[in-house]
Amino acid sequence: MHSWLAERLVLRCVPETMVVPAQTLRLPVRGFPINRPKALVVALAAWAGFGLVTWAVLSGHTAAIDRSALLFWRDSDLRPNGPVKLLETVRDVTALGGVLLRNLFALGAVVALLFLRLRREASLLTLTITLGWLVEALIKGLVGRDRPEIALHLTEAGGASFPSGHSFNSAVVYMSIALAFAALSRRRKVRLTIVLSAILGSLAVAWSRVWLGVHWPSDALAGWLGGTAWTFSAAALLRPAADAAADATAQPVSAPDSP
């Protein structure tokens, strides 16, 4: 009884001026742009790594390493060591790089950016992912490497093996999404955390392809390096085109002249 009375007295003594008003979230008209010279440095480093791995594969220098790495954690039946639940977990991870899920995430990100009226980021994201898929398909067609047959394939996979499409496209989709949303923050630590999360996630997808036996390790590494290289190249080089697309869609439509 006494506690109830004390609470009532305290509430009556609190002035209305102490009520904190709700804060309004203010987003930038355009995201804070990525540093283009730094993006180009990252892109060039990743392209150099991709070129080195490609040369090593085409010249046969990765054959022994690929075979040893692919068989490293497998038992005498050529199945990966570990419980059944681990297999299901790895399949879930690899699904993040599949056509359905990664495109759903990409579509959701574009819609979210448009709702936030960040047309430049939405345009750049669309261009990066669309052209990245074409770049990966072109490279895969030119190299034409066969998939490994020395281990069981624990998931469905078709087409050429180099580079890994899951690795390449997951790097492109998730890193480009991360760059788009990292642009909403002024804080460098926040931007780095978002981008690093995408890097680790795409690396997990690349590793899963090797674990499931459908790609050589060099396929997965080259795919991840190529996807990273394309993402940062697009961030630096496609921004003018994204700016133009955003400005064009932002222009009001003038009413037709009266007859």
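Biologist: What share of the residues in the chain is buried?
Modeller: Buried residues make up 40% of the 259 in the chain. Buried means under 20% relative accessible area, exposed is over 50%, and partly exposed lies in between (1.4 Å probe, protein chains only). Keep in mind that this is a predicted model, where local features need pLDDT of at least 70 and side-chain atom pairs count only at pLDDT 80 or more, while totals for chains, interfaces and linings use all residues. Residues are numbered from 1 along each chain as its sequence is written, and side-chain values use heavy atoms, with hydrogens and water left out.

Biologist: How many helices and strands does the chain have?
Modeller: 10 helices and 0 strands. These are DSSP runs numbered from the N terminus: H or I with at least four residues for helices, E with at least two for strands.

Biologist: And what share of the contacts joins residues at least 24 apart?
Modeller: 81%, taken among contacts between residues at least 6 apart in sequence. Contact here means heavy atoms within 4.5 Å.

Biologist: Let's take α2. What span should it have, and what are its end C-alpha atoms doing?
Modeller: Helix α2 runs over residues 36-58, so 23 residues, and at 1.5 Å a residue it should span 33 Å. The end C-alpha atoms are 32 Å apart, which agrees. The expected span is 1.5 Å times one less than the number of residues.

Biologist: Which residues of α2 are buried?
Modeller: A39, A43, A46, G49, F50, V53, T54, A56 and V57.

Biologist: What covers them?
Modeller: The cover includes α6 and α9, the latter at 217-237.

Biologist: What about L40, then: which residues is it in contact with, beyond its neighbours within four places in sequence?
Modeller: A236 and L237. L40 counts as partly exposed because its relative accessibility is 34%.

Biologist: And which residue follows α2?
Modeller: G60, and its phi is positive, near 85°.

Biologist: Switching to charges. How many salt bridges does the structure hold?
Modeller: 5. A salt bridge is a side-chain nitrogen of Lys or Arg within 4 Å of a carboxyl oxygen of Asp or Glu. One of them joins D66 and R145, with the closest N and O atoms 2.9 Å apart. That pair links distant parts of the chain, 79 residues apart: D66 is in helix α3 (residues 63-71), and R145 is in the loop between α6 (119-143) and α7 (165-182).

Biologist: Are those two buried or exposed?
Modeller: D66 is at 2% relative accessibility, so it counts as buried. R145 is at 17%, so it counts as buried too.

Biologist: Which residues are linked with them in a network?
Modeller: The network of salt bridges has D66, R145 and D219 in it.

Biologist: What about R120 and E121, buried or exposed?
Modeller: R120 and E121 are both buried. Their side chains meet in a salt bridge at 3.2 Å, N to O.

Biologist: Now aromatics. How many aromatic pairs do you count?
Modeller: 4. The rule takes rings of Phe, Tyr and Trp (its six-membered ring) with centres within 6.5 Å; planes under 30 degrees apart are stacked, over 60 edge-to-face, and the rest tilted. W207 and W211 have ring centres 6.3 Å apart and planes at 45°, so that pair is tilted.

Biologist: Where do W207 and W211 lie?
Modeller: Both are in helix α8 (residues 188-211), 4 residues apart, about one turn of the helix. W207 is partly exposed at 41% relative accessibility, whereas W211 is buried at 5%.

Biologist: Which residues form the aromatic cluster?
Modeller: W47, F50 and F162. F50 is also one of the buried residues of α2.
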